[in-house]
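Here is a short report on one protein structure. Keep the sequence and the 3D view open as you read.

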Amino acid sequence: MSQRTKEILAKLTLDEKIYHLEQVTTATFVPSLKKPNVVTGPDSALKLDENLVFEVGTSLNLIGAETMIEAHDYYLKNSKNKIPPVFMQDVIHGHRTLYPINLAVAASFNRELAKELAGMAAKEASLDGVSVTFAPMVDLVRDPRWGRVMESSGEDPYLNGEMAKATVQGYQGDMGKYNIAACVKHFAAYGAAEAGRDYNTVDVSERTLREYYLPAYKSAVDAGVKMVMTAFNIVDGVPCVGNKHLVKDILRDEWGFDGVVISDYSAVEEQIVHGAAEDRKEAAYLAMEATLDIEMMSSCYAKHLKELMAEGKITEEQIDKAVLRILDLKEELGALDNSYRTVNPEEAKKIQLSKEHRALARKGAEESAVLLKNDGILPLSKDVGSVALIGPNANTGAIHGSWQCGGKIDETVTVYEGLRNILGDKVKYAPGCYIEYNSEDTSLIDEACSLAENCDCVVLCLGEHQDYSGEGNCRANIDLPEVQYKLLDRILEVNKNVAVVLFTGRPLAIERLDKTAPAILNMWMPGTEGGNASANLLFGNVVPSGKITMTFPRVLGQCPIYYNHYTTGRPKLPEDDYNRVRFTSSYLDIPNSPLYPFGYGLSYTSFEYSDLTLSGETMKAGDKLIASAKIKNTGKYKAKEAVQLYIRDVKGSCVRPVKELKGFEKIELDVGEERTVSFEINEEMLKYWNKELKFVAEKGEFEVFIGKDSNCQAFAKFNLI
Ligand code: GLC
């Protein structure tokens, strides 16, 4: 805290301090939106005082520089203390120029790209007056039924941490003009919601929490993230927002985080619904005891902190600390020097959706796409006579993902437009079927088939609607709809040259598609330039290099399924995958192996791994070993490859995963080019939370793997002595 912020604090009354801890929608301060104010408007349920509301410290979710200026001016005009407000926004994967969903960006295995994309989003958002983004979301996920897997980086703690660091650095930079503060979320373990149902019960041991779910948040804190958002769910039976062990003991005392902690939307009050708080007063007490600073969109603090203080349950010092964290953030954002900070409508119009930003968004979509199958039909030849473009996702801009922020569907390049940018009138379009997951309407299939019959090849755009994933958008069936399979089967009867382009916010259980489609290019939800990126990949202007960071199951019944699992005492051996071995950890009816494993993704070229070496057979604490491999491009296209390092701790005081990602490097090789990739192995990488809940590396044998995906085999062993 600074002298300046302490002086500001000293001038506030208790009521004003308390109101500074509240967060309402920014629309509250924009009369022109015709949304009545906080007393009668969307936040009327909060029943905040119509004068003190102009002392709330922050607000959320409004798009547009001009309206942000209006909110800023109206707020300061009516505020007594005139402390500049800070505007926050869900800038999750782009602000106006949208890039792919985070599960796609993670699949790029490209830290620099993730950082660059976040930097672009920060610039566009800062020009619209946004100062804080509620991102990165780093919740580890293992269940594709959960709608919010699209915002995550997947199932691996290390990769999630690397993407968290890169994204925080991208948003925050040097906290300069075009930077915004990042807010890592949702603390903690929101991705472990049982049955993949949003907001559902989370029940993980402290050891699992620390081993798998906490590391990525810690990476964001170590990268200097300015804020942390608590999650809706319980951890160990206590809602995160009032979980003193999680927030005060671990986040603040153990990790040393002294920044702003904000609740998720109305989560403070939802402690009552959880059955963890008797009423709003107890909800306020629990949150304040857990050291929550900002209450988003509920008003327990405003209504009860004064009373709790009068009863001696909380102290003014606790309130002061929370206010000072918010004031210190405002000072660091430069808001106390220039309350308009970075908003600039003219510059925003020039920068947002600029050629450069579109090019970067396109690059993001190209590098995140994953080639799941290719029997040789891809890449398509530009000399093709005609292309039948078919499918419910072929001619729509609704390929953003569910966090559209300022993105607009009509500013998005559709696959139809993207293909026509390369082939012009050679592209013929038919919808084929509707996107609704429950549509049984086959009336469009005949038209699509006759088009397919009369074209050289077919690009078939299938998958999900962008609103079938994201918050509150969970699915109990994650295969393609029957009508999409009917369309595919009918088309294959008249034309074998079919490339399926998949649009999805999650891994899908598409074993049936994998069996019938000649090629599958997964574009995820690619954003504003999705159509151009798809076309560039389909025609080989760009070679696919993405690799999935969340396992694709064969069928839903395998979920949760993830690569970094334990062996169990009765593992089914990989060589028996398709055999029935009854008394093993296996199924009667299907193999254990997933459809596509973590780290998997094909290319148009081929890569040969050779000369895998390890620099030694033993390692003492403090030593390091070097693992390296030669990778050669043995195919016909210059291409990128994400080389992965895995390590297995063969025995521990607690059981250890069959392998864990501990490094990755994305390289680009010309045809015929060979390069050595080396990874340093040190003791820190071998540490884990052991039986005594100590974070240590235990002596013993370790196996080392280098390969193109998590199916790679160990090539060496060493002993930590
Ligand atoms: C939502 C989400 C959270 C988001 C917040 C503000 O409910 O859970 O991720 O940042 O509310 O929109």
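## The ligand site

A polar side-chain atom of asparagine 61 sits 3.1 Å from a ligand oxygen atom. Histidine 186 also has a polar side-chain atom 2.7 Å from an oxygen of the ligand. For arginine 148, a side-chain N or O atom is 2.7 Å from a ligand oxygen. A polar contact is a pair of N or O atoms within 3.5 Å; within protein, one must be able to donate a hydrogen and the other to accept it, and residues adjacent in sequence count only if both atoms are side-chain atoms. Taken alone, the ligand exposes 310 Å², and the protein buries 95% of that (Shrake-Rupley method, 1.4 Å probe).

How many residues surround the ligand? There are 13, and the closest are Asp90, Arg148, Lys185, His186 and Asp264 (a residue counts if one of its heavy atoms lies within 4 Å). The shell divides into six nonpolar, two polar and five charged residues (Asp, Glu, Lys and Arg count as charged; Ala, Val, Leu, Ile, Met, Phe, Trp, Tyr, Cys and Pro as nonpolar; the others, Gly among them, as polar).

## About the model

This is a predicted model: local features need pLDDT of at least 70, side-chain atom pairs count only at pLDDT 80 or more, and totals for chains, interfaces and linings use all residues. Residues are numbered from 1 along each chain as its sequence is written, and side-chain values use heavy atoms, with hydrogens and water left out.

Most residues other than glycine have a negative phi, and most peptide bonds are trans. The bond from lysine 185 to histidine 186 is cis, with omega near -5°. Histidine 186 belongs to strand β5 (residues 181-187). Strands (E, at least two residues) and helices (H or I, at least four) are DSSP runs, numbered from the N terminus.

Phenylalanine 109 is not a glycine, yet has a positive phi of about 50°. Is phenylalanine 109 buried or exposed? Its relative accessible area is 1%, so phenylalanine 109 is buried (under 20%; exposed is over 50%, partly exposed in between; 1.4 Å probe, protein chains only). Aspartate 236 has a positive phi of about 55°, but counts as exposed at 63%.

## A buried arginine

Arginine 656 lies in the loop between β20 (639-649) and β21 (660-669). With a relative accessible area of 7%, arginine 656 is buried. Its side chain makes polar contacts with the side chains of aspartate 649 (3.1 Å) and glutamate 660 (3.2 Å).
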